[in-house]
Amino acid sequence: MIRKRGIGRTGLLLAVLAMAVCSVCSFILKPERPLTGNLGVCLPSPNLWAIDPLYSWILNTILLGGIAVGGFFLNRAFNFIRSTEPVLPTMFLVFVGACPWITYNLSSSTIICVVNILSLSVLFTTYKSTNATQEMFTIATLLSVGSMFQYAFIPLAVAYIVGAIAMKAFRIKECLAMIMGFIAPYWVGLGLGLISPDWFKLPEFTNLFSDFTQTSERFVLMVEVGLAIFIGCLLGLNNGIKLYAGNSQVNAMNTCITLLGAVCIICIVADFSNMMAYLATFFFTVAVQVANLCALWNIRREWLVVFIPSLIYILLFVIAILT
């Protein structure tokens, strides 16, 4: 019998090292900022926060590392990836590390991904629940508070509504709970005078390409995003075959993650000027698909499945940061 060669702790440590090196390089060389304008509904978006660049980078790096750790323990808690190999955190660290526009400072992309990890951990507890009102209220509240700073939180609600249906935990009372969860933060903020009606405004849409001064940067960003979309769609369909025939709860949880990735793809295409806001979350969903590929299809040389895309993304990072 041929022994399966997983990535093990060595692969994870190499990904952590690669992420750290890429993050430091991104901070030192600073790519052009692709997020401009005020993108919050009533409060300044993260790209306008007055944070010292060094502290912003440190906080962002800690949060990205926390997302990788959170993804690992999320799987330990719910076992939606039937494997003990750390493919999920490894691939996530490689994907975001290779995207200097995510790693060089704190952005809405990182914050949205943190909120999605928390929301998924809540949603996964609702499987076949007879009363999931508290959970749906919590998820809606997190998205509502986030929307004050970045409108990109709003379309993500669609993924959680359909995801709750897939978890067989969405009825009229859960729908009302979500509506109340969306309204409550704004109601409290206005009632306590924390926000003013005058602060509400339409987001300042900008042209993404106008913020890139070099053609090489635009090319690398498009290749990284396009390749991730290709991998995510291909593996999502491929893994769905196995998941559909397996455990229903595992299938439901993976459906929620796939739905989140699908919504991110739609938003990346439709909300192109704010594309960067969805990227970290989308990279997380793609990392889940890669991890499922290794677990579901019993690939003998698992390390190659991780190494090849990792090498491609690191090469793209080098091109983006040095040209």
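Colleague: How do the residues of the lining of the second largest pocket divide into nonpolar, polar and charged?
Modeller: Eleven are nonpolar, two polar and none charged. Ala, Val, Leu, Ile, Met, Phe, Trp, Tyr, Cys and Pro count as nonpolar, Asp, Glu, Lys and Arg as charged, the others, Gly among them, as polar. This is a predicted model, where local features need pLDDT of at least 70 and side-chain atom pairs pLDDT 80 or more, while totals for chains, interfaces and linings use all residues. Residues are numbered from 1 along each chain as its sequence is written, and side-chain values use heavy atoms, without hydrogens and water.

Colleague: How much space lies in that second largest pocket?
Modeller: About 250 Å³, as filled by probe spheres set on grid points joined across faces, edges and corners. A pocket is an open set of points on a 1 Å grid over the protein atoms alone, where a 1.4 Å probe fits, with protein on both sides within 12 Å along at least five of seven lines; lining residues have an atom within 4 Å of a point.

Colleague: Which residues lie nearest its centre?
Modeller: L12, V16, A68, V69 and L93, out of 13 lining residues. Helix α2 gives the most, six residues (helices are DSSP runs of H or I, at least four residues, numbered from the N terminus).

Colleague: And the largest pocket, which helix supplies the largest share of its lining?
Modeller: α12, with six residues. The pocket holds about 300 Å³, and G11, L14, V306, F307 and S310 are closest to its centre. Its lining has ten nonpolar, four polar and no charged residues.

Key
Helix = DSSP H or I, 4+ residues; strand = E, 2+ residues; numbered from the N terminus.
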